[in-house]
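Student: Hi, could you walk me through this one? I have the structure open.

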Amino acid sequence: MLKQLLLFNFLFSLPLLLWSQNESGILRGTIRDAKTQEPIPFAIVQILGTEPLVGTTSDIDGNYRVATKPGTYNIKFSMVGYTLLVKYNIVLTSGNVNEVSVVLSEAEIITDVVTCTDNKQKRASVAKIETPLSIQSLGAEEIKSNPGGNFDISRVIQVLPGVGGTAGSVGGFRNDIVIRGGAPNENVYYLDGIEIPVINHFSTQGSAGGPVGILNVSFIEDVTLSSSAFEAKYDNALASVFQFKQKEGSKERIQGNVRLSGTELAVTTEGPINKKTTFLASARRSYLQLLFELIGLPIRPNYWDFQTKVTHRFTNKTSISVIGVGAIDEFAFAEPKNPSADAEYIARSQPFIEQWNYTAGVSLKHSLKNGVLNVALSRNSFQNNLDRFEDKRFNDESARLLRGRSNETENKLRADITQFFGGWKVSYGIVTQQVNITNSLFNKFRKPITDSNGVQLQPGATINFNTDLSMVRYGAFGQVGKSFLNNRLSVSAGLRTDMNNFTNSGNNAGKTLSPRVSASYLLNDKWTVSGSVGTYYKLPIYTALSFKDSSGNYLNKSAEYIRSTHYVAGLEYSPALSTRFTLEGFYKVYGNYPVSVRDGISLANQGGDFGAIGNEALISNGKGRTYGFEFYFQQKLVKNLFAVFSYTFVRSEFSGLDGKYVASAWDNRHLISALFGYKLKRNWELGLKYRFAGGAPFTPFDETASRLNYLSTGTGVLNFSQLNSQRLASFNQLDIRVDKKYNFKRVTLDLFLDIQNVVAFAAPSFPRYAFKRTDDNSGFATTDGNAIQADGSNAIPVILPNDPGRPLPTIGFILEF
């Protein structure tokens with residue numbers, strides 16, 4: 001740790017020996033109308049905090065360009081007849097031109113609140129008429145400089161209210177995004193209007209979590225979370241909708257950045273192809289496998305990811321974007337240099353993983369006379385290969401416990417139109433997708449066990465099937481909204497339905513009718529009260545739908561769409577354009593939740609581990625309920641300071657085959673997140689982030705079954721009759737980050753030090769069942785000193801400690817050119 005800090009100090013001091021110039025930072029972009037997406041000419045752009053005030057106006061095509069000395073600024077966009085907009089925390093450097101394009105909304109005339117003549121916006125709300133509450137947003141700089149985020153968008157969003165990103169996986173190790181007590185697979189993710197099913201490396205199939213995010217934070221302009229009151233155009237969401245907006249490539253010059261940290265190397269480049277076309281492209285390579293080998297861990301995670309975006313503007317009314325995101329993952333094992341009980345457990349319990357995935361899409365946006373047409377065509381594919389062997393006998397087929405080869409591919413077409421008629425906002429559209437699923441699974445999850453006299457103690461149990469399934473999914477939606485009472489009252493109502501041609505009742509449009517209604521009332525220029533009620537549906541996961549029995553019959557064709565009905569009410573207080581407070585209460589009721597026939601528990605409890613879930617017989621009779629409240633405070637950059645704080649109280653309970661409600665794996669009760677950033681002089685920046693999660697529930701081991709099966713499975717067997725009856729200690733983590741930027745001629749160097757868990761809080765994780773090893777770790781210790789019996793009868797069971805609490809420092813740099 002001391003060596004790393006000394007190295008960090010040297011790196012920060014080195015640029016002082018170099019010649020520096022007072023180079024300019026350049027800001028440019030396009031200003032458009034929020035309704036029609038057409039350019040707004042002669043809009044005013046001002047860089048706040050400059051003396052004298054630096055600014056410019058947009059040209060006839062809505063484009064603007066302005067330059068000033070490098071630094072962090074708030075940018076004001078205004079135009080007569082439009083509500084002004086301020087973009088906060090915009091960093092200008094000499095290395096890269098910063099592209100910031102915005103849309104302005106027509107000013108609403110509200111008595112004694114906002115007028116068109118003074119062009120003032122007095123509220124900081126990010127709400128829309130369809131989603132007046134349960135919506136939050138983070139900007140580009142809050143994303144890039146997030147302490148402990150390690151440039152991982154999946155970790156950055158955990159600072160938002162209601163997000164329990166460490167639940168289930170606990171210990172802060174994985175990115176299991178848990179929203180208001182729902183399972184990780186209840187969320188949907190959109191990148192520039194294209195749905196992305198996989199956003200994490202080493203993703204759990206049927207869930208969504210993984211240890212490392214895929215998306216490049218250099219591409220992201222902002223991220224918006226809707227945790228209820230979803231717009232009707234979004235399908236398959238039960239808990240939340242994440243919208244990641246990418247910036248467009250630089251129109252001015254070819255530029256890019258290189259990022260090197262303690263775990264990875266990433267290269268990003270962007271620029272113009274011609275006057276109407278720009279591009280973004282990036283590649284990232286991890287070297288975690290080298291780090292883990294150095295510190296003696298037996299795992300060898302290795303990944304690549306790639307991302308690209310090309311934007312072409314035919315006219316001011318029509319544009320097209322092509323995006324691509326892909327990843328290659330490999331999770332293997334090696335004998336550790338210094339064997340230990342922990343290393344032995346990891347090698348025995350985890351599968352080999354080989355994955356690849358990609359999403360590629362084309363989106364067309366065309367301005368209509370009174371609205372916008374959006375069309376998106378995309379394809380995504382996810383390949384998941386899993387292998388596991390008994391007693392670390394890797395590649396020995398006689399010792400094979402698991403072989404999984406699966407692929408999920410979707411081809412999607414989405415089209416929607418938004419139009420405005422006499423104060424009404426009307427949206428409608430369709431979606432259709434063709435799905436191919438192949439799934440070949442051999443899983444010997446229980447071996448036959450006999451005692452020393454040949455008496456059978458346990459019969460064997462094996463799953464073995466092959467699936468090649470093709471299906472079609474389709475849906476349609478409509479939504480209307482309007483403001484009344486001098487624009488104080490806004491009301492929206494929507495309806496959608498989703499169908500498929502595979503499940504028994506999949507073509508019954510009436511079974512998935514999902515109405516929703518929301519309303520908000522502006523009490524005065526600072527206070528708003530809002531509420532929403534909506535029902536949402538989600539198709540069961542593909543692993544479950546493709547599961548077959550030994551005779552080749554699909555066992556889960558009778559599965560129903562999972563249903564969730566949300567009741568939400570909230571209050572928002574915006575004392576200034578830069579400040580927001582929100583307080584919301586929520587109650588969610590689930591129905592038709594899949595329940596495991598074998599184990600009797602809800603699938604809502606699964607998804608927090610590696611591999612796959614859903615490969616088993618299920619029944620759609622599970623129920624669930626989550627409820628609670630959340631408080632959120634957001635302070636945008638003012639006087640060099642920005643901050644975010646959220647507190648969530650949540651209860652999450654689901655029923656199994658017995659119909660009894662039990663605390664789910666995501667029932668953390670209390671969630672706290674806090675983010676603090678301070679811009680110091682001479683381009684120094686300090687960031688702090690704190691996270692707290694109440695103790696996660698866990699299920700104790702079945703002592704008898706665990707003893708019988710540990711030698712073959714490498715793990716203990718849970719006692720589901722006591723599902724989630726115990727709890728871990730609470731999770732705490734404090735992260736710190738320090739940045740220093742140096743601006744040279746057309747080059748910027750950003751040196752950073754990021755320390756996760758800086759005060760070494762313990763990070764409680766699920767208990768791990770094992771047999772005691774000998775002192776030299778050459779084998780298993782036994783009660784009688786003899787070789788261990790196959791049934792474990794002479795073994796010495798132990799629970800391995802699993803609460804590592806150590807700081808994780810990372811030193812790195814970002815070179816902009």
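Predicted model: local features only at pLDDT ≥ 70, side-chain atom pairs only at ≥ 80, totals over all residues.

Student: Let's start with sheets. In what order do the strands of the open sheet with 4 strands come?

Tutor: The order is β3-β2-β5-β6, with antiparallel pairing. At the edges you'll find β3 (54–57) and β6 (85–92), each of which pairs on one side only. From one strand to the next, the twist averages 25°.

Student: And how many bridges hold β2 to β3?

Tutor: There are 4 bridges between strand β2 (residues 44–48) and β3, in the antiparallel sense.

Student: Nice. Now, what joins up with β19?

Tutor: On one hand, strand β18 (residues 277–286) is joined to strand β19 (residues 299–313) by 9 bridges, running antiparallel. There, R284 has D305 in β19 as its bridge partner. On the other hand, 15 bridges link β19 to strand β20 (residues 318–333), again antiparallel.

Student: How many residues sit between β19 and β20 in their hairpin?

Tutor: The hairpin has 4 residues between the two strands. Within the pairing, Y303 is opposite D329 in β20.

Student: Switching topic: which residues make up the nonpolar patch on the surface?

Tutor: Among them are F421, W424, V480, F484 and W527, and the patch has about 1000 Å² of accessible area together. The elements giving two or more residues to the patch are β27 (461–484) and β30 (527–538).

Student: Where does V480 sit, and how exposed is V480?

Tutor: V480 lies in strand β27. Its relative accessible area is 36%, so V480 is partly exposed.

Key. Residues numbered from 1 in each chain as written. Heavy atoms only, no water. Pairing = 2+ DSSP bridges. Patch = residues over 30% accessible without salt bridge, like charges linked within 9 Å, V, L, I, M, F, W, Y side chains within 5 Å. Areas by Shrake-Rupley, 256 points an atom, 1.4 Å probe, with all protein chains shown as cover. Salt bridge = Lys/Arg side-chain N within 4 Å of Asp/Glu carboxyl O. Buried < 20%, exposed > 50% of the residue type's maximum accessible area, 1.4 Å probe, protein only. Axes fitted to C-alpha atoms, helices over the stretch in contact; angles between N-to-C directions.
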